[in-house]
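Student: Hi! Could you walk me through this structure?
Tutor: Happy to, let's have a look together.

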Amino acid sequence: MELFANQVLAGIATGAIYACMALAVVMIYQAIDHLNFAQGEMAMFSTFVSWQLMQWGVPYWGAFVLTVAFSFVAGIIIERLLFKPLAKAPILTNVAGFIALYAIINSVAGLIWDFTIKQYPTPFGSSPFLGSQLISTHQAGMIGITLLMLLLLFFFFRFTRVGLAMRAAASLPESARLVGINTSWMIALGWGMASAIGSIAGMMIAPVVFLEPNMMLGVLIYGFAAAVLGGLSSPFGAVMGGFLVGIFENLVGTYIPGVGNELKLPIALALIIVVLVVKPAGLFGRAIVKRV
Amino acid sequence: MSAAEEVEVVTEGQAVEAVPKRAMTLGYGTSLVVLAALVLIPLFVKNFIIFQMTMLLIYALAVLALNILTGGSGQFSLGQSAFYAVGAYTSAILMEHAGMNYALTLPIAGIVCFGFGFLFGQPALRLSGVYLALATFALATAMPQLLKLGYFEHWTGGVQGLVVTKPDAPFGLPMSQDMWLYYFTLVVSIAIYVASVNLLRSRSGRAFMAIRDNEIAASAMGVDVALYKTLAFGVSAGITGVAGGLGAIAVQFVAPDGYTIQLAISLFLGMVVGGVGWLPGSIVGSAFIIFVPNIAEGISKGLSGAVFGVLLFLVIFLVPHGARQVAIIAQQLAAKLKKN
């Protein structure tokens, strides 16, 4: 029983990584109805920016704030320049655009900061949390930050005018336009917020997986799995999905023999497919009704 | 975002632009010119270039397969590398462990992949658009790890992979191995191309296209949507499998890390560049994914990925229909010149 409890705790710790990423994935899905395959690379690039700022002597939290601001603006600029003209294009074109963006960011980051693995600092320290060996203060801090972001998002969408406008623009664009909401800018805002959330996720994840241009691929797949499990339409679901995926991954690794690190990605694949087939709306998402 | 929110009404946008059936192929004259070029060029170039041309044909087959799936039936796949890998491994294992003739392994690779694709198409049935892209994306990233699994190591060679022997030209033909393999690939490719064109012109092809353009209308007309969608997946996977088998023979080597998500992305890009739903575009797309990375590296070594991405954006913005659009523009220009 103790082993089980320990594994669950360790699962929550890793799950925090996926929860962070899933939150960014859901954010962009809400705004544009697409999954951004370049999301992980955008987060990686932001993390490198913060690392560079720290190398130049900016203190951690200063770099943190600057990076989030930078990512927000960069997200908006990317949307305005590259994806706004594609808004009416078929899905296929958009997917190709995401992939092009992925290649560009990955390669530029590799050129500027090269592919060596870098240490990344944590503001929370990495001593055991409350005397537990399984969860470090950094992981506890990461869980705290994720939940804080979730809370802020909830308040933003629930109680602010802009939040309400964004929800309206996402669910019924035409009606939203009729009541005077600038839906096009709401989408840009969604990109900016997703990019900013992604940058926070990146900065939280980097101390665990270390900083390098390809750090996000595995995390992104798990982030997708978490978002799908929780429901792509629910930020709360995405965070819960992240924790569940982390716990699931740990338990499968412990109790099913022969499943080790080498099967990490196939597990994510199986999870994504099973959820999409059995319950496409996810655990916390709302079902989409199609008009015939 | 809140439970109280009302049920959303979604009228789904088109996933893929519709391409009329007639616009999917080339005229006879152009086809013959291309064919003549493909037959004659290898006689005058070095072995390395012949090898590259072989790869060009092989990737063109894989892009063609994806084109049938996406351009034909309107389904996405970012997971073609998985089918390619299964085909390559089937051929390699049959040749090296069972000592089978290389030519005989190809149909088997095709059939195995058809089965695999058909089965994968079952869960994919319930997914559309971006969800399907996601599921196949996950399949492609998971594939290398599956191939490395300890259980199959005896057959697959694990991380090391398998070495495949290159076949000699039969009947004592005075040809280098590369050249023989090229012509062998060419014959297979032409056969598959002709079969694909005929498939899309047949009843099944019309069913694919009806599903692509409007699933609900298609089912109202009596098309068995589930069957034809999985069939499209199966056919596409089968052709990709044959391409994979040919690829294994040409490269003389299979290893898990040769079939990563990068390959799947390349094939997808090849289709976009060649023009979705335009079968001859496959070879243009294939040329793009084989030669452009080299050119990009020539422009800037560290930035090859970025150059690749920028080129792709240019294609999306300037010629969203890929090579098909370029061909149409060229045709119109030629017509104008004739008039003057």
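Student: How do α12(B) and α13(B) cross, left-handed or right-handed?
Tutor: The crossing of those two helices, α12(B) and α13(B), is right-handed. Keep in mind that this is a predicted model.

Student: Okay, and which residues make the contact there?
Tutor: On the α12(B) side there are B:Val292, B:Pro293, B:Ala296, B:Glu297 and B:Ile299. From α13(B) come B:Ser304, B:Val307, B:Phe308 and B:Leu311.

Student: How many of the contact residues are nonpolar, polar or charged?
Tutor: Seven are nonpolar, one is polar and one is charged.

Student: At what angle do the two helices pack?
Tutor: Helix α12 (residues 281–299) of chain B and helix α13 (residues 304–318) of chain B pack at about 120°, and their axes are 8 Å apart.

Student: Switching to chain A: how many helices and strands does it have?
Tutor: Chain A has 11 helices and three strands. Starting at the N terminus, their order is α-α-α-α-β-β-α-α-α-α-α-α-α-β.

Student: And how compact is chain A?
Tutor: Its radius of gyration is 19 Å, close to the 19 Å that the globule rule gives for 292 residues, so chain A is as compact as a globular protein of that length. Along the principal axes, its C-alpha atoms fill a box of roughly 55 × 50 × 35 Å.

Student: What share of chain A counts as buried?
Tutor: Of its 292 residues, 51% count as buried.

Terms used
Residues are numbered from 1 along each chain as its sequence is written. Chains are lettered from A and ligands numbered from 1 in the order in which they are written. This is a predicted model: local features need pLDDT of at least 70, side-chain atom pairs count only at pLDDT 80 or more; totals for chains, interfaces and linings use all residues. Axes are lines fitted to C-alpha atoms, for helices over the stretch in contact, and angles run from 0 to 180 degrees between N-to-C directions. Helices (H or I, at least four residues) and strands (E, at least two) are DSSP runs, numbered from the N terminus. A crossing is left-handed if the near helix is turned anticlockwise from the far one by less than a right angle, and right-handed if clockwise. Two residues are in contact if their C-beta atoms, placed from the backbone, lie within 7 Å. Ala, Val, Leu, Ile, Met, Phe, Trp, Tyr, Cys and Pro count as nonpolar, Asp, Glu, Lys and Arg as charged, and the others, Gly among them, as polar. The radius of gyration is taken over C-alpha atoms; the globule rule is 2.2 Å times the number of residues to the power 0.38. A residue is buried if 20 or more other C-beta atoms lie within 10 Å of its own, exposed if 12 or fewer, and partly exposed in between; C-beta atoms are placed from the backbone.
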